[in-house]
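Subject: Structure handover

Hello,

Here is the structure I promised to pass on. Please open it first, then read the notes below.

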Amino acid sequence: MRGLLCWPLLAWLLLLQPWEIQLQVAGPRCHTGPLDLVFVIDSSRSVRPFEFETVRQFLMGLLHGLNVGPNATRVGVIQYSSQVQSVFPLGAFSRAEDMERAIRALVPLAQGTMTGLAIQYAMNVAFSVAEGARPPEERVPRVAVIVTDGRPQDRVAEVAAQARARGIEIYAVGVQRADVGSLRAMASHPLDEHVFLVESFDLIQEFGLQFQGRLCGKDLCAEGKHGCQHQCVNAPGTFHCACNPGYKLAPDNKSCLAIDLCAERTHGCEHHCVNSPGSYFCRCQAGFVLQQDQRSCRAIDHCSFGNHSCQHDCVSTLAGPRCHCREGHDLLPDGRSCRVRDFCNGVDHGCEFQCVSEGLSYRCLCPEGRQLQADGKSCNRCREGHVDLVVLVDGSKSVRPQNFELVKRFVNQIVDFLDVSPDGTRVGLVQFSSRVRTEFPLGRYGTAAEVKQAVLAVEYMERGTMTGLALRHMVEHSFSEAQGARPRALNVPRVGLVFTDGRSQDDISVWAARAKEEGIVMYAVGVGKAVEEELREIASEPAELHVSYSPDFSTMTHLLENLRGSICPEEGISAGTELRSPCECESLVEFQGRTLGALESLTQNLAQLTARLEDLEDQLANQQ
């Protein structure tokens with residue numbers, strides 16, 4: 001509140017004269033705005049009786065220069081030494097005469113000097129609404145004038161800072177032995193306007209002269225420290241801020257806010273209302289234009305401008321013109337031209353094997369030897385042959401967890417084209433790293449769904465790459481009848497599929513050869529750093545049909561077609577003797593019987609025809 005006060009101290013100019021003369025010649029009072037003024041008087045034992053009397057006269061003379069009243073200046077007085085005493089609070093008197101009577105009856109406390117305690121009392125009690133101070137929302141300036149002659153016996157800096165933070169403007173008046181450092185710690189800023197030091201109590205009137213010169217009659221707006229954003233308006237002893245037209249004062253009573261006419265919702269704008277000082281205007285969203293009524297909006301028809309260059313159709317959008325192609329066509333990258341749609345590339349056709357575009361649609365094809373299913377997308381499963389398939393999956397550290405998930409998904413894609421059932425294809429899974437673990441044997445699951453679920457549940461092992469150990473486990477255990485493999489007498493093909501991404505840390509030659517000796521058809525799938533020589537050694541002959549390789553895990557799905565055609569045995573091409581239907585054998589025998597009978601009949605007819613030809617030749621010869 002620095003500089004917010006202008007309260008009359010003209011009487012202090014006369015304090016250099018005897019008190020009686022001052023009362024006679026005191027000039028007109030300096031009428032100010034409302035003010036709450038509390039005097040904090042040091043009455044410690046260091047203040048001698050005649051010095052305290054000088055302070056008493058100083059206070060009474062000052063009262064005659066103030067415009068005292070409930071709606072003008074309210075005055076309170078407290079004195080302190082080792083304790084604090086309220087002489088009279090702010091709301092006690094409304095006449096200077098009553099205040100003067102109380103000051104005359106004032107008796108010094110004559111003890112220590114607890115200035116910090118006095119400031120605490122003034123802040124919490126003297127300037128409280130209960131004691132007569134105006135409420136903070138009325139913005140009435142609060143001023144404390146501390147008069148002391150010595151060094152405080154308690155701390156003053158912290159409590160004075162709290163008082164200033166609460167809006168109390170503090171003037172510190174030191175007499176004789178007063179500590180300048182303490183005065184500066186108590187006073188408000190700027191210090192040169194709030195700290196006064198006089199040599200003796202006889203010269204305290206000099207404070208009145210300086211005080212009057214700083215506070216009474218100032219043009220507070222002219223000082224430029226008012227903080228008003230727009231306008232500063234002077235008032236007696238104070239000022240207030242005002243705003244330019246179209247603005248209103250903010251809650252801080254200094255800043256100005258534009259009057260929000262749009263918030264009143266009477267503007268009638270269809271899209272957006274934009275405030276301007278004292279007014280408003282309407283604005284449309286992007287892609288719209290304001291109508292003549294300056295309130296409603298209509299969409300901009302960008303196509304009507306005729307410069308869209310669309311080959312087929314132009315569609316106007318909020319962002320501008322967009323070209324659209326007719327049914328069966330796709331928009332080219334230039335955003336304007338169209339071409340006939342390749343439905344196989346442009347849609348998720350779902351064809352299992354091959355998609356062929358035909359006009360405005362497409363159809364699915366299956367490889368030779370397989371038929372299209374009723375859904376028009378999938379091909380019949382590998383039902384011609386029965387297989388016991390064991391998959392060996394590399395779970396070494398080099399594979400890494402994210403790639404191991406891709407491997408599991410790859411295995412499930414192989415399962416998708418198999419006819420998994422107890423009487424059809426059986427699938428087992430073995431994982432290997434530095435050790436070997438059977439994840440599930442051949443005879444455990446009877447449906448593809450169960451197998452795929454079990455594959456997804458497999459946990460990554462990590463560590464080394466013992467491919468030879470895995471091959472031995474496969475030969476000795478995985479294809480045993482105890483693990484679910486069918487007896488050899490049934491001639492069910494046994495297929496081993498080894499999946500690896502690197503060089504084996506043990507020897508593979510013995511058990512790779514043993515597997516093939518046992519009649520197991522071996523396939524080797526390598527990824528990344530897999531060694532070609534090892535893959536060929538693992539796989540059956542010819543290697544071109546039994547070895548597959550992919551540079552990385554993300555692109556290995558292209559191997560599926562090769563494996564599909566290899567693992568799924570075709571009619572008459574199998575790793576072993578197929579289980580054939582007895583009906584098929586009987587039909588073949590019947591067909592052979594009918595064929596032999598027909599050939600024998602033809603032979604007999606041919607013999608008879610030959611004999612007749614010979615007879616005719618003889619007759620012709622005799623006639624000649």
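A residue is called buried under 20% relative accessible area, exposed over 50%, and partly exposed in between, using a 1.4 Å probe and protein chains only. By that rule Phe440 is buried, because its relative accessibility is 2%.

Some ground rules. This is a predicted model, in which local features need pLDDT of at least 70 and side-chain atom pairs count only at pLDDT 80 or more, while totals for chains, interfaces and linings use all residues. Residues are numbered from 1 along each chain as its sequence is written, and side-chain values use heavy atoms, with hydrogens and water left out.

Helices (H or I, at least four residues) and strands (E, at least two) are DSSP runs, numbered from the N terminus. Two strands pair if DSSP finds at least two bridges between them. Contact means heavy atoms within 4.5 Å. Axes are lines fitted to C-alpha atoms, for helices over the stretch in contact, and angles run from 0 to 180 degrees between N-to-C directions.

**Aromatic pairs**

Rings of Phe, Tyr and Trp (its six-membered ring) pair if their centres lie within 6.5 Å; planes under 30 degrees apart count as stacked, over 60 as edge-to-face and the rest as tilted. The count comes to four aromatic pairs. One of them joins Phe88 and Phe93: the centres are 5.2 Å apart and the planes stand at 65°, so the pair is edge-to-face. Phe88 is buried at 3% relative accessible area. Phe93 is partly exposed at 27%. Phe440 and Tyr445 form an edge-to-face pair too, because their planes are at 70°, with centres 5.2 Å apart. Tyr445 counts as partly exposed, at 24% relative accessibility.

How many of the residues of β5 are buried? Eight of eight, over residues 168-175. Both faces are covered. Ile168, Ile170, Ala172 and Gly174 are buried on one side. Glu169, Tyr171, Val173 and Val175 are buried on the other. In a regular strand the side chains alternate between the two faces of the sheet.

Strand β4 (residues 142-148) pairs with β5 in the parallel sense, over seven bridges. Ile146 has Ala172 in β5 as its bridge partner. The chain goes from β4 through helix α5 (residues 157-165) to β5, in a right-handed β-α-β crossover. Right-handed means that, with the strands pointing away from the viewer, the path from the first strand over the helix to the second runs clockwise.

Strand β6 (residues 195-198) also runs parallel to β5, joined by four bridges. Here Gly174 has Leu197 in β6 as its bridge partner. The chain passes from β5 through helix α6 (residues 180-186) to β6, and this β-α-β crossover is right-handed.

**The six-stranded sheet**

An open sheet runs in the order β23-β22-β21-β24-β25-β26, with mixed pairing. Its edge strands are β23 (436-440) and β26 (547-550), each pairing on one side only. Neighbouring strands are turned by 20° against each other on average, direction ignored. Strands β25 (residues 520-527) and β26 pair in the parallel sense over four bridges. Ala524 has Val547 in β26 as its bridge partner.

**Helices across the sheet**

Helix α9 (residues 401-416) lies across β21 (388-394), β22 (426-432) and β24 (494-500), at about 170° to β21. Helix α11 (residues 467-478) lies across β21, β22, β23, β24 and β25, at about 155° to β21.

Ser478 is found in α11. Is Ser478 buried or exposed? Buried, because its relative accessibility is 3%. Leaving out residues up to four places away in sequence, Ser478 touches Val390, Val430, Leu442, His473 and Gln483.

Helix α10 (residues 448-456) packs against α9 at about 170°, with the axes 9 Å apart. The two helices α9 and α10 are therefore roughly antiparallel (angles under 35 degrees count as roughly parallel, over 145 as roughly antiparallel, 65 to 115 as roughly perpendicular and the rest as oblique). Lys408, Val411, Asn412, Val415 and Asp416 in α9 meet Ala448, Val451, Lys452, Val455 and Leu456 in α10.

**A loop residue**

Arg503 lies in the loop between β24 and α12 (509-517). Arg503 counts as exposed, at 55% relative accessibility. Apart from neighbours within four places in sequence, Arg503 is in contact with Thr465, Lys529, Val531 and Glu534.

Best wishes
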